[in-house]
Structure formats: C-alpha cells, structure tokens
Amino acid sequence: MKYSVDENGFYGKFGGAYIPEMLHPNVEELRENYLKIMQSPDFQEELQALLKDYVGRPTPLYFAKRLSEKYNTQIYLKREDLNHTGAHKINNTVGQVLMAQRLGKKRIIAETGAGQHGVATATVCALMNLECIVYMGEVDILRQAPNVARMKMLGATVVPATSGSRTLKDATNEAIRDWINNPEDTYYIIGSVVGPHPYPDMVARFQAIISEEMKWQLKEKTGSENPNYVVACVGGGSNAAGAFYHYLDTPEVKLVAVEAAGMGVESGESAATSVLGKEGVIHGSRTLLMQTEDGQVTEPYSISAGLDYPGVGPMHAHLFESKRAIFENITDEEALQAVLELTRLEGIIPALESAHALAALSRIGAKPDDVVVVNLSGRGDKDLSTYLDRFQLNG
Amino acid sequence: MDNRIKTLFEQKPQGLLSVYFTAGYPNLEDTVPIILELEKNGVDLIEVGMPFSDPLADGPTIQQSSDIALRNGMTIPKLFEQLKNIRQQTQIPLVLMGYLNPVMQYGVERFCQKAQEIGIDGIILPDLPLSDYVREYKQVFEQHNLCKIFLVTPQTPEKRIREIDSHTNGFVYMVSSASTTGSTTGKAVANTDYFQRVRQMELRNPSLIGFGIHDNNTFSQACQHAKGAIIGSAFIKALAQEGTLQENIQSFIQRIRN
Ligand SMILES: Cc1ncc(COP(=O)(O)O)c(C=O)c1O
C-alpha cells in the first residue's frame, strides 16, 4: 500500500484538484513548480536556516515522567508548542512564504480557525515584508481573540467570514474566493493538508520535519527510531501528517489520529469526520466530508476552533480507509480534562486542539514498556479565557 | 442527436440572452413559473442553479439565494420532480448548473439519466475538472445527449482553451474577468483583448460571456464580442424586488434588451 501522493495528486481514491477553472492557472503553476523549488539547494538552505534560528527548531522531545506514571507507559511529548508563534503551523508558513517569493507573488492570503495559522502567516509576512490578508470566521474571531490581536499587531488585515457556521470552513471559502478575484499577484498559504493538489502534499512535506526530528531524538533517548505509537489531533490534519510522515511505511509504528467529537459523535454537534463523513468534495479535494444525504456540507462543531472542520485532508481519508491509522475521537469535556491534567502534572498548558491528542492516551491500550509520542501541536495561551471560564478560575 | 442548445446557436447566431437563477429562490415552487416567464419575455437559454451550501465560485448574491433555496427545501430530487413535465410546456434550452458534490451524492450516471428523461440540454459543474470529466464522465454525459459546458477565463492559456473546446459541445462559457459571480466593478466587459484573442481562435463551439453582466450596457458590449451573454446575480437581485414574479421578470428583461 502506498500512502504518499501519486502523480495525479491522489491518495488512493482521495485528493485531486476539484477547482473552478478560475483557479486552474495558479494551482497548475504551483503543481509544476513546488517539488523543483522545494528540492533546490538555495531554497533548502534558506528554509533550514529559518527553521533553526527563527522558528527555534529542533523542538524538544520531552519525556513526560509524571504523565507516563499516570498512564503506566512511556510518554514523550513532541514540543511543537515551543515553536515561535506557539504551534506547528509556522513550519508550513515559513516554507510556503519562501515558495510564494520564488513564484514572484506579492500578496499573501490565508484562512485560519484557531488563529495559529493566521498568526504564523502574518508573522512570516512581516518578516518578508509582504501584504497579508487573513480570513477568519466570526465565531472564531470571538473565541480566539488573543490571536486576532497578534495578527493585527503584525500588520495583517483580518477579514471576518460571515457565511455558514462562521468558522474554519467558511473562512476557507472566503480565502478561495479572494484568490479567484486576485489571480495574478496573490499566493494562498493554506494552513493544513487540505485543498487541491499539490497543497496536501506540499504542506505534509513542510510538516514532515516533525517526524524527521522525532526519529533521531527517539534513537538518542530510547535506542530506537521507532515508537510504538504516534498520537496527533486532526483538524485538516497537518500536524498529524507531519508527525506520521516518516513512519507511514513502518507498519509496526501505530498511528493514532484524534478527531474532535464535540458534544459527542451522536449529538449532532461534532466534528468527527471519519465517523460522520462520507466521500465527497470540499475545498478542491475529494475526501471524507460531513454532509447531508443531498450532498450539502454539514456545519461541524467543536470547542476547539482548529478542529472545527467538516472534512479531513485526503491523506488522512486514505489512512482511515486503508486502516493504516487508528482514528479516535474525543469530546469537549474529555479534552478539557486533558488540558488540566497536563497542566498540573507537567506544568505545560496545551492548546485545546493538542489536548484532544492527549485525551486519547487512555484509549490506545499502551503497555508499560511501550513508547508513545504525543505531538503537542500548540500551546494554550490562545485558549486561556476558555480555560479560566471552564475551570472556574475567574476571580 | 438533436440538442436544443445546438439548434439555438444554429438558428440565432447573435445577441443571445441566457439567464441564470437559483432553483428554490425566492420560493420553493417558483422554478417552473420563472422558466415560463423568462421564455415569454424572449430569453434564449436558461441556466437553472442547483443550490449548494459552499458555492466557491459565487459572490454574495448567489450565495444568499442558495442559502435561502436550501432553507426552502430545494434538493436535486425535488428539482427533478418540479421539472418532470417541463417539456410539455416549453422547448427553451435548459442547462443545470451546480457544484460537483451534490451531483456526486445523487450519482453522476443517475443524474445524467434523469436529466435526459426530463429534457435537459446541458450541465455546468464549475468544480469538475476537465481531466476528471474526460477520464470518468464524458462518455456518460454524451450518451445522455447532455452538453457539458466548461468555463474559460482571461488567464486560461490558449492551449487549454483548445483542449476544453475539443472536449465540450454546446458553448464555451467565457468568464468575463477574474472574479466570482456578481461583481459589478465594471471589469466585466473591459477585457476586450481577451475577448478578441478567443474570437480569433475560431473555436468549434460558440461562446457566451458571463460574470458581472448586469445591465443593457454590459449586455450589449458582451454581445459584440461573443454570441451573447449570461446574466445571473443581477437577475436574482431583480427577483427580490417588490412586485410579482411576472412584473419583476418583465421589467428586468426589458431593461436588459432595451
Ligand atoms: C495548536 C493546533 N493544533 C492543531 C490544529 C489543527 O490543524 P491540523 O489538523 O492541520 O494540524 C490547529 C489548527 O488551528 C492548531 O492551532
């Protein structure tokens, strides 16, 4: 079984580029050039230097002693929360902004859910002196206010998406419409392994640094490159794609993808696409999609803005169908408990998204000697007001 | 096999007016009355929009009409039900326009079969790429005598326009400028270089210009560069005016045709 993309942009039957003709020239330009550019020595040199000195890589692989005791297994946290701007998202935006420059684009657009991708995009645009417009659902603007403030501080324009559920899906619609209206000078920095080919593959390659580092870090710490489990949350699936990437063809490493169950998978308020979705087309990609019988996209729900999306990237749809990855889902309540647990056991406040991965620790059945890596995709600063409310720490 | 779109272009070579509306808007049962009224007012071709929750290529007007239509209960089965006797009432060429996902869920083959039974002449699915169409669906569409209509834009390279022209029939849908539907920034008919470039290519298929055509001025200018033009958002706005469907449609078409 092949888990990487094929020459037509498909992962098994998922993927492709289902885009209106207006986007064809831009997507085609990217498809023709992305590998050539990414593999060129000057690109790699610039990228690696930025990842090291600007982003702060390699991120630590931390043995979480007290958490390990609690779950009676060997737990390592891949500390993507320690990246500049506080999440894995910047691995991708640093890469894509260099791509945009190579393609001669002057104006950058992005969508964002939790605001981490928006902040990471605004950050690299400030660094490279590029105009930056970020689309964000109105609901997310309210629940992730600190990130909106950071984007403004960085000089980006934040445009509210007011249609549909006013969350990540709708922000993505608006970003795509912007691109249709500005085909000449604009580059769209997509924030996850979603969208038309080649985006899912390109974003996965930029995030693959996560598992590349994990391998040598594990080797140093445990004597083996391979853990028994890699656990990551899945919104669109970019941090999971990065954490899984170099283990895809190593079947003895179990890959655990954790989706947001919201109020519960059966509640009608959920974002657990692998359970609730069917094959469909969203944002230019054939993938699993939450939808009605008539093929209208269902509005998802999760407390976590970054996981509140009705689809998953095509690579994950393929990992699900081929059973290469195990899919779990975690409710709002379980994620919140995991936030408090990590905070009080290890002194690390995780993002709500990452907490979904942590909460799956009780589900995977790891044995005492098993090595489990949890990808801690981001830090919880953006979620503090939710935490103070929910944990009644306000006063 | 005869197809009403092909016949139309043979019989009327110039100044064609094609109108788009969203099925189920303003009211669920307006579909057939709107079609009949458009025909009565001398419209040449009608594009019936199948509403979708996430219409990527559409501006705010068609987004809103789609939302309302969906809330009114419009679905593909419902639309087919409404149209089932349409050919007893009118012979105007009819095109169904929508996004791929609802059609995929209905089943592409079943969709084509049903469309042919009803007497539909053409289909537009902007997010079905040419390569997938050719690989997976072309045979089905042709077997059911449906013209699959593709869009081209000012940024589409000549080679790809030729490729599209070779795989399509009916007409080539020339998107007037780089935009989503409903833009009235005046860009719509400004791109005369592009119109001329396409005209000089002498394609197999006739072409119609759409996106941003909204009044007599933009319509007549578009007609100078192609066989005719397509109006969508401006018509949907007209339907929202006070007055009956008949009044709104009549006065809108009169204003366009002048
Ligand atoms: C910290 C964090 N983790 C995870 C995600 C989910 O995205 P993805 O599935 O692409 O990793 C987000 C998205 O905003 C995020 O901010």
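A polar contact is a pair of N or O atoms within 3.5 Å; within protein, one of the two must be able to donate a hydrogen and the other to accept it. By that rule, 18 residue pairs are in polar contact across the interface of chain B and chain A. Please keep in mind that this is a predicted model.

**Where the chains meet**
- Chain B brings 37 residues to the contact, and chain A brings 32 residues.
- About 2,800 Å² is buried between chain B and chain A, with 53% of that area coming from carbon and sulfur atoms.
- Three salt bridges are counted between the two chains.
- Glu21(A) and Arg160(B) form a salt bridge, in which the closest N and O atoms are 2.6 Å apart.

**The chain B side**
- Several elements of chain B each give two or more residues to the side that touches chain A, among them helix 3 (60–72), helix 7 (130–143) and strand 6 (151–152).
- Helix 5 of chain B gives the most to this side, with five residues.
- Sorted by class, the side of chain B that touches chain A has 19 nonpolar, 10 polar and eight charged residues.

**Two helices in chain A**
- Helix 4 (residues 89–102) and helix 9 (residues 199–207) of chain A pack at an angle of about 120 degrees, and their axes are 8 Å apart.
- The crossing of these two helices of chain A is right-handed.
- Helix 4 of chain A makes this contact through residues including Gly95(A) and Met99(A), while helix 9 of chain A uses residues including Tyr199(A) and Phe206(A).
- By class, five nonpolar, five polar and one charged residues take part in this helix contact.

Terms used:
Residues numbered from 1 in each chain as written. Chains lettered and ligands numbered in written order. Predicted model: local features only at pLDDT ≥ 70, side-chain atom pairs only at ≥ 80, totals over all residues. Heavy atoms only, no water. Contact = heavy atoms within 4.5 Å. Buried area = accessible area lost by both parts, 1.4 Å probe. Salt bridge = Lys/Arg side-chain N within 4 Å of Asp/Glu carboxyl O. Polar contact = N/O pair within 3.5 Å; in protein donor to acceptor, adjacent residues only side chain to side chain. Helix = DSSP H or I, 4+ residues; strand = E, 2+ residues; numbered from the N terminus. Nonpolar A, V, L, I, M, F, W, Y, C, P; charged D, E, K, R; others polar. Axes fitted to C-alpha atoms, helices over the stretch in contact; angles between N-to-C directions. Left-handed = near helix turned anticlockwise from the far one by under 90°.
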